Amino acid sequence: MTTADDIFDQSFSNIQRLGLREIPFTESPIDLRSETLQRIFTGRQNELRQVFNLFQSRERRRILVYGRLGIGKSAFLLEVLSVLRRKRPKMLTTYISLPVNLDLATTALIALAREMADDDWAQQQLYQMGIPTEKILRERSSEISANMGLGAKAGEKDLPITKPQYPTVSLDTLLERAQAKYPDGVLIAIDDLDKQNPSVVRQLMHDAQGMLKGRAWFLLTGHPMGMTGDLLTSERGLFDLQLKLEELDLLTTYQMLINYLSSARIDNDCTDPRDPRSVLPFLPETAEEFCQASLGKPRLFNRLGNTILVTAADLEAERITPEVLAQGLKAAAPTLRQQAALNVQEERVRALLQQRRSLSDDTMTIADLEQLGFRSFNEVLPILERLEEADLAHQLNQDDAKVFAPIPLPSADDELLPEENI
Amino acid sequence: MGKKGFGQSEPPTWKAKKFMRAFMQRVAENQTQANQFFLSNQAQLDESLLEALPLVFAAFTADKLPEERENIAQLFLTFGNLIQQFPLGDRRLNLELAITAYQLALQVYTRQAFPEQWAMMQNNLGNAYGDRICGERAENLELAIAAYQLALQVYTCEAFPEDWAMTQNNLSNAYLYRIRGERTKNLELAIAACQLALQVYTCEAFPEDWAMTQNNLGNAYLYRIRGERAENLELAIAAYQLALQVYTREAFPEKWAGTQNNLGTAYCDRIMGEQTDNLEQAILTYKQAAQVFTRKAFPEKWAKSQGNLAEALIKRASLTDNATDLDTAISLLQQALDIPVTGSSDFIDSQYQFGNALSRRYEHSQNPNDLQQALQAYKIALDAISPEHYDRKQIWQALPTTQSILGSRLVREGRWQEGLQLLLNSVNQLSTGGDPLAHANALFQTGRAHEFLSDWDNARLYYRDALRLYEHLKDQLGIAKSRAGLGGVLVSQGYLEKGMAELAKAVEGYYQLQKPDQAAEVDHLYQAAQRAVERQTTEAYV
């Protein structure tokens, strides 16, 4: 009889059989340690250059990083921060994920106060908002190797926060104190603005104009829609740089796979793409096929990669041969659906999308809409975005319409290999 | 007075029994006497009495001889009749008490044993359901109609001509206000029932009933959908004028004022004749009604007639651009705001009307205070609509429409977050309602607001949604304006040719609708886009 311990060991040895210590793929870059991120972060050279160019000036800047869900905005933000921490020790860098129902000034205040563990006034601010301060002290004590000193991302959103009465003034005061200690300035990175309704974000930005033009550097991530063409961002010049992150090209994706695998591989840290060992346990052909299937989208890449490795481990495979890859990709669609836990309505939209191969606000008919129980596309859009979030659909890069297509993955009941990518 | 137990309150049935016995002893079938009794025992008229009535009836009738049971049924019947007509206290509760009392009495007064009493009670039950405040209004009106129809099975024209005519008249009223079924058909049924009643209720034999039925007939014509509206309004005016031959100010001041009010409404809507004259007549008529419906004597009717007068003044203001009329209307409405019971349908109507008047004045005055107050009034109206509200559906549909207009206005005012929120709320509410045109309009307004905010992606999305729905509804003007909006956005985004195609269709649509001004405006945009295309081509060659 197999005991739970045996099963654990078996599971571990299945991964080891693939030559890996662990499965390196992860959905959220926030879980990564700084040095791991440094190893696996790939590409985006142009974008990094644009950002770092700004940092060569003493002038404070505001940077907006935007792009579709799962395109790697958070990872980009964290990579920038991690570089700055190494290269600019006299600059205070802070990171926070925008909590629901909180204004930007209070959010920035929290982010900054958490990084100022030695400052009693900062800690008092946190205390007054009902935010525990102990943890920060601990994290600060191991600054260099700490995982960015950010704390739990998900839990933080649920905190009931008593907003300070004058967050902008409090923030300004705190910035003044911080600048006394950090002569190179303060950078506040606020992530996940795109997780909220664009109109809410627009209002937040509007309300925060004074703060954004104040003492600190700001690095924000945003929604792909409704921010770029916006009156506030373009005409009033709120941002010095608006950086759009696009899908990675195939070569970069391939290099990213190499970096991920080498970060977890046992006894082999080959990262030369010309050497087939660099993609082990993948074979160069399956590595390429996998990269194609992930459409240059880092989150999809991670989700698919995870399923493929789990499948390979279950099959007790040593290499990801074309057959193993096919099995893995076949398992991906049901896994994604299962993870998405769609409701009836979402499932209906998904089925229609699958059937039509694409849905757009330009071409959808009233009959299509009525079939789904709607009269207008704007009611379907949140559902399509939900599917996009779950990697069951993706938005095509067409700027004159909103076009969604299913993620091309083999369905569980046929034996076809993945279709060609769009 | 014995009190059982220690410190316990008296059981409800005990109090109720005592109350009903007192009622039996002190009240004959006289309304004045009853009103006095109810007034001095108002504290007893409460929920616990309503709850206890069935128990009291059961206790009173248990193991009793048929004659005694009949007496008890008679007592409940009388109580029902009198409490139904008691003008003070909690009207909602009074009607519930009446309905319960009738239903209990019907246990004894069965159709087989007491056909006449049974029919009378069905008629009364119909009246009580027709006025009922609890429950869903649509359902209550169905119950009223069913009760009248039962009554008419006994009250035939041959056997009980007078009762038959009375029930027909009541039935016509229920059809007039009916919510279910096709409105067109319901109004025809209302007219038919009035005309039947008038066969018995002649002017000579039953002048008062004749006048009442003429008044009701006038109401049915006022709202009639079939036939020519102009002609129906003439018929309504004629019927009201007949009613006023009997309902004189001296003899029937309240009824006279009521019919004057109705007549005013008919004049206000009148199509024949000069509109200014008709409005003058309407205003004059409303003012006469107001002489009887004073705030002190008839607060609710006073408030309603203030609202009517305001409506006529607003109409006149829109004809003559007379700012004074609008100001007067607003102050009339404002004075009457505190009369209707908070949350009642009159309350919601009056807030809504007030909001409309203010937002209309804003169009002229551009005074942000007006807009602010209008928004406030709409918000109060919106907040007052609870799911239990019996006219919720109708008002619910009217409100999002206004929200969308107000929302787009706020966006243009620069209060875009608030405005957009209103627009999105309205789009959301209208998406499930039965008014796709209002939904399409709200989608269009939302598109425009996004365009105003230079949010091209959303503007395009909402214009496309509006266009799709307008096309489905074959609304040519809507199609033209959404194409114009969509074309403009596409051009702004740099999709010149795609945008120009939409603009060209919009120009054509506006010409077909004989709207040369709009066509020229859109054409101007088209030409600008055309020049941009030419510039691009030239640049490409250079």
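Modeller: Is the crossing of α20(B) and α22(B) left-handed or right-handed?

Biologist: Look at which way the near helix is turned from the far one, by less than a right angle: anticlockwise is left-handed, clockwise right-handed. Here α20(B) and α22(B) make a left-handed crossing. Before we go on, this is a predicted model, where local features need pLDDT of at least 70 and side-chain atom pairs pLDDT 80 or more, while totals for chains, interfaces and linings use all residues. Residues count from 1 along each chain as its sequence is written, chains are lettered from A and ligands numbered from 1 in the order written, and side-chain values use heavy atoms, without hydrogens or water.

Modeller: At what angle do helix α20 and helix α22 of chain B pack?

Biologist: Axes are lines fitted to C-alpha atoms, for helices over the stretch in contact, and angles run from 0 to 180 degrees between N-to-C directions. Helix α20 of chain B (residues 436-452) and helix α22 of chain B (residues 476-492) pack at about 25 degrees, with 11 Å between their axes. So α20(B) and α22(B) count as roughly parallel (under 35 degrees; over 145 is roughly antiparallel, 65 to 115 roughly perpendicular, the rest oblique). From α20(B), B:N441, B:F444 and B:E451 make the contact, and from α22(B) it's B:K481, B:S482, B:G485 and B:V489 (contact means heavy atoms within 4.5 Å). By class, that contact has two nonpolar, three polar and two charged residues (Ala, Val, Leu, Ile, Met, Phe, Trp, Tyr, Cys and Pro are nonpolar, Asp, Glu, Lys and Arg charged, and the others, Gly among them, polar).

Modeller: Next pair: how far apart are the axes of helix α8 and helix α10 of chain B?

Biologist: The axes of helix α8 (residues 161-177) and helix α10 (residues 207-223) of chain B are 10 Å apart, and the angle is about 25 degrees. Therefore α8(B) runs roughly parallel to α10(B). Their crossing is left-handed too. On the α8(B) side you'll find B:N169, B:S172, B:N173 and B:L176, meeting B:M212, B:T213, B:N216, B:N219, B:A220 and B:Y223 of α10(B). Sorted by class, the contact of α8(B) with α10(B) has four nonpolar, six polar and no charged residues.

Modeller: And at roughly what angle do the axes of helix α5 and helix α6 of chain B cross?

Biologist: Helix α5 (residues 91-105) and helix α6 (residues 115-131) of chain B cross at roughly 155 degrees, and their axes come within 10 Å. So α5(B) is roughly antiparallel to α6(B). As α5(B) passes α6(B), the crossing is left-handed. B:R91, B:L95, B:I99, B:Y102, B:Q103 and B:A105 of α5(B) touch B:M121, B:N124, B:L125, B:A128, B:Y129 and B:D131 of α6(B). That contact of α5(B) with α6(B) counts eight nonpolar, two polar and two charged residues.

Modeller: Which residues does B:S431 touch?

Biologist: Leaving out residues up to four places away in sequence, B:S431 touches A:R375, A:E379 and B:H439. You'll find B:S431 in the loop between α19 (416-430) and α20 of chain B. B:S431 is buried, at 13% relative accessible area (buried is under 20%, exposed over 50%, partly exposed in between, with a 1.4 Å probe and protein chains only).

Modeller: What should I check in the backbone, and what is the phi of A:R44?

Biologist: Most residues other than glycine have a negative phi, and most peptide bonds are trans. A:R44, not a glycine, has a positive phi of about 60 degrees. A:R44 sits in the loop between α2 (34-40) and α3 (45-54) of chain A, and at 9% relative accessibility it is buried. B:D63 also has a positive phi, near 55 degrees. The loop between α3 (47-61) and α4 (66-84) of chain B holds B:D63, which is exposed at 82% relative accessible area. As for peptide bonds, the one from A:L280 to A:P281 is cis, with omega near 5 degrees. A:P281 is in the loop between α13 (250-264) and α14 (284-293) of chain A.

Modeller: Zooming out, how many helices and strands does chain A have?

Biologist: Chain A has 19 helices and eight strands, whereas chain B has 24 helices and zero strands (DSSP runs numbered from the N terminus: H or I of at least four residues, E of at least two). Of the 422 residues in chain A, 56% are buried; for the 542 residues in chain B it's 49%. Take the contacts in chain A with a separation of 6 or more: 72% join residues 24 or more positions apart. In chain B, 59% of contacts between residues at least 6 apart join residues at least 24 apart.
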